[in-house]
Amino acid sequence: MHLAYGARALAAATLGVAVAATASAALALTPPKPGTAARPQASVIVTPGARHSQRESRQGPSTTAECEQAIQIACYNPVQVQQAYNLPALYSRGITGKGATIVIVDPYGSPAIVSDLRDFDRTEHVPNPPSLRIIRPAGRVPPFNPGNANMVGWASETTLDVEYAHAIAPGAKILLVETPGGGSAGTVSMPQIVTAEKYVISHHLGGVISQSFVATEQAVGSAGIQPLRGAYLAAYSARVTVLAGSGDSGATGFEPDQRDYYAYPVTSWPASDPLVTAVGGTRLNLNASGNRNSADTVWNDTYSQTANQLVNGDNGPDPLATGGGKSVIFGRPAYQGSVSGVVGGHRGVPDISMSAACTGAVNVYQTFGGQPAGWYALCGTSEATPLFAGIVALADQVAGHPIGLINPALYKLAAEHAPGIVSVKSGSNTVSFRQGGRSHTVHGYSARSGYNLAVGLGTVNARYLVPELARLAGR
């Protein structure tokens, strides 16, 4: 039996022009540190997470025990994940996301997503969604090319996003927004993504937008972000929640060449944008029923030879951990005033965290070309982000409408010690790697009770967080 690990949050570089003020003084920008500007680029160079092409040999998804026996990692199915976050207590009350729409944005998309979701649901006993609709408001998407590794990587990302947002909120509609990419292998147009998201917002097509791509702030430069923030400003005005993964390289991130890592702590955008909810990653340790064997920890597989072999094809160490840190572009928003002792004058990332570990991955079903059809185990903050999109959709249902920017509510709930937010108290996102013939360690941040720069406020007990968010953010 073999498993593939992929669809980790994507690293990218973006365009460069001037940064202006945000929507309010509370979200004002601070000047970047010297040396943070990047050369303007015509497109975004993408490396779609891990693409290690190993597949489970079984006809159906592997159980946790089978994964642990075969390759010394755990893998989880939707029932286990639902139980871990106390979701059955909501489902029993009819809270399934009914009436809400989750918007998932992915370049290229997957040509098999409709049938793959149907087969995933049938095998995993998840109800079919009310609808899965695909739109392409930024232009024609080129035909899928199974020989294009970039398209294959995005197809895997799309599959993970759709299947696990749906697994959390099975009663919500799914709107998959595909963009044309960049016209050549290895590039993706961020302006196309902005255009597509603005279309969704202006046409009131969904209440929560899930994004699984990142750009290191230093690689973008402060001048690169402003023209790409239009969708987030529009979402803020329209009360649409926007989520982004905090990245999969721990305290570091890719330089503009997309090959080398920064040798000092960096943070990624759009997770660092104050108008976006940044979703980090934890490590779940579950039994077959989805109950915890131990408390959640910070996701960090950097020093796991097993994880590195499956993801990168070597023994590591390679950066393979939840992103988090202090923005060098955005100042501390008002809602982070209660954690100023941790973030200082900067926007801190992430805000909240869910399952992401490659040593505790989720089973995904995919049949697009370029990889053998079947069941794969995928991981990363691009798992955590659609999971949390499902949580927001549940809250949208309870509120009776989209709840918009949820960050002020999250920090207020944490300050009140509300039961919906659970502290994660162990682990860090420190990472190590070899580069230029030398070994490097980028020291990150350790978990502690309360807010920290590894997992943010903590993780989720959905039974309580969903009504809490509906009450506070839904006003």
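**Close-up 1. Cysteine 67 bonded to cysteine 75.** In this predicted model, cysteine 67 and cysteine 75 pair up as a disulfide, with 2.0 Å between their sulfur atoms. Turn to the S-S bond and you'll find an angle of 85° about it, which makes the link of cysteine 67 and cysteine 75 right-handed.

**Close-up 2. Cysteine 358 bonded to cysteine 379.** Here the sulfur atoms of cysteine 358 and cysteine 379 sit 2.1 Å apart, forming a disulfide. The angle about the S-S bond is 70°, and the link of cysteine 358 and cysteine 379 is right-handed.

**Close-up 3. How exposed are cysteine 358 and cysteine 379?** Buried means under 20% relative accessible area. Cysteine 358 comes out at 0% relative accessibility, so it counts as buried. Cysteine 379 is also at 0% relative accessibility and therefore counts as buried.

**Close-up 4. Both links in the context of the chain.** How many disulfides does a search of the whole structure find? It finds two: cysteine 67 with cysteine 75, and cysteine 358 with cysteine 379. Count the bonded cysteines along the chain and the disulfides follow the pattern 1-2, 3-4.

Methods. Residues numbered from 1 in each chain as written. Predicted model: local features only at pLDDT ≥ 70, side-chain atom pairs only at ≥ 80, totals over all residues. Heavy atoms only, no water. Disulfide = S-S within 2.5 Å. Buried < 20%, exposed > 50% of the residue type's maximum accessible area, 1.4 Å probe, protein only.
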